[in-house]
Amino acid sequence: MGIFSRRQTAISEPTPTVGTGTPTAGASRTGVVLDPALRTLTGRWTIDRPHSRIGFSVRHAMVTTVRGAFADYDSTLYFDGARPSESRAGLVIRVASIDTGVEQRDAHLVGRDFFDVQRYPEMVFRSTAAVHEGGESFRMTGDLTIRGVTRSVDLQLDYLGSVLDPFGCERVGFDGTTTIDRTEWGLVYNQRLEAGGAMVSEKVRLQFDISAIRAAS
């Protein structure tokens with residue numbers, strides 16, 4: 001999250017509902033009391049690319065990990081500090097912007113064996129639900145589309161705080177992670193190792209290090 005990760009607001013710990021089960025004032029639908037300060041964060045936000053990272057990691061040759069990121073994407077974020085379930089997010093990633101630090105590997109990844117960017121130039125995430133799980137943790141469910149295949153994924157989000165940066169921009173920070181089986185999206189290419197196992201793991205960890213700026217009203 002770079003230099004803009006200083007926490008200024010917090011979320012209170014879970015408290016039980018009372019009476020007939022109706023949430024107490026300021027509580028989410030899960031019965032978790034929300035910090036009133038979060039209400040001031042309600043609104044539209046835009047991911048700040050220079051201070052964010054949309055990346056992934058995958059085990060290679062059974063013993064090492066390859067990490068990469070996508071540099072070109074568009075984002076639509078709406079955070080509701082009073083009703084987190086009303087929050088939503090969208091991300092459109094230009095797959096050709098992939099960067100793993102090795103040009104030959106990147107060329108292979110954008111080719112037909114993997115992403116096939118000539119036919120499927122974009123990878124898309126659209127949220128369908130959001131839940132405050134307590135403390136600083138949220139869960140966002142959404143549809144992830146890769147190579148024309150759409151499947152639901154659960155994204156774990158941790159709120160890092162908000163800050164007014166030296167340039168007068170209001171920022172919020174989130175870290176998000178989820179792990180997918182790439183073969184479920186048609187990314188099935190692999191090579192078998194002589195000693196057993198696969199050259200590239202089927203499990204891929206997606207990582208979202210987000211610094212977002214409040215959008216102009």
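D80 sits in the loop between β4 (73-79) and β5 (88-94), with strands taken as DSSP E runs of at least two residues, numbered from the N terminus. This is a predicted model: local features need pLDDT of at least 70, side-chain atom pairs count only at pLDDT 80 or more, and totals for chains, interfaces and linings use all residues. Residues are numbered from 1 along each chain as its sequence is written, and side-chain values use heavy atoms, without hydrogens and water.

**D80**
- D80 counts as buried because its relative accessibility is 3%; buried means under 20% (1.4 Å probe, protein chains only).
- A polar atom of the D80 side chain lies 3.0 Å from the backbone nitrogen of A82.
- D80 touches T42, E86 and S87, leaving aside residues up to four places away in sequence; contact means heavy atoms within 4.5 Å.

**Largest cavity**
- The whole structure holds three cavities of 30 Å³ or more; a cavity is a set of points on a 1 Å grid over the protein atoms alone where a 1.4 Å probe fits but cannot get out, and lining residues have an atom within 4 Å of a point.
- The largest cavity has about 370 Å³ of space, the volume being that filled by probe spheres set on the points, which are joined across faces, edges and corners.
- Its lining has 24 residues, with L77, A89, M140, L157 and F174 nearest the centre.
- β5 gives the most to this lining, four residues.

**Second largest cavity**
- The second largest cavity has about 140 Å³ of space.
- Its lining has 14 residues, with I93, F125, L144, L206 and F208 nearest the centre.
- β7 gives the most to this lining, three residues.

Conventions: Buried < 20%, exposed > 50% of the residue type's maximum accessible area, 1.4 Å probe, protein only. Polar contact = N/O pair within 3.5 Å; in protein donor to acceptor, adjacent residues only side chain to side chain. 1 Å grid on protein atoms, 1.4 Å probe; cavity = no way out; pocket = protein on both sides within 12 Å on 5 of 7 lines; lining within 4 Å.
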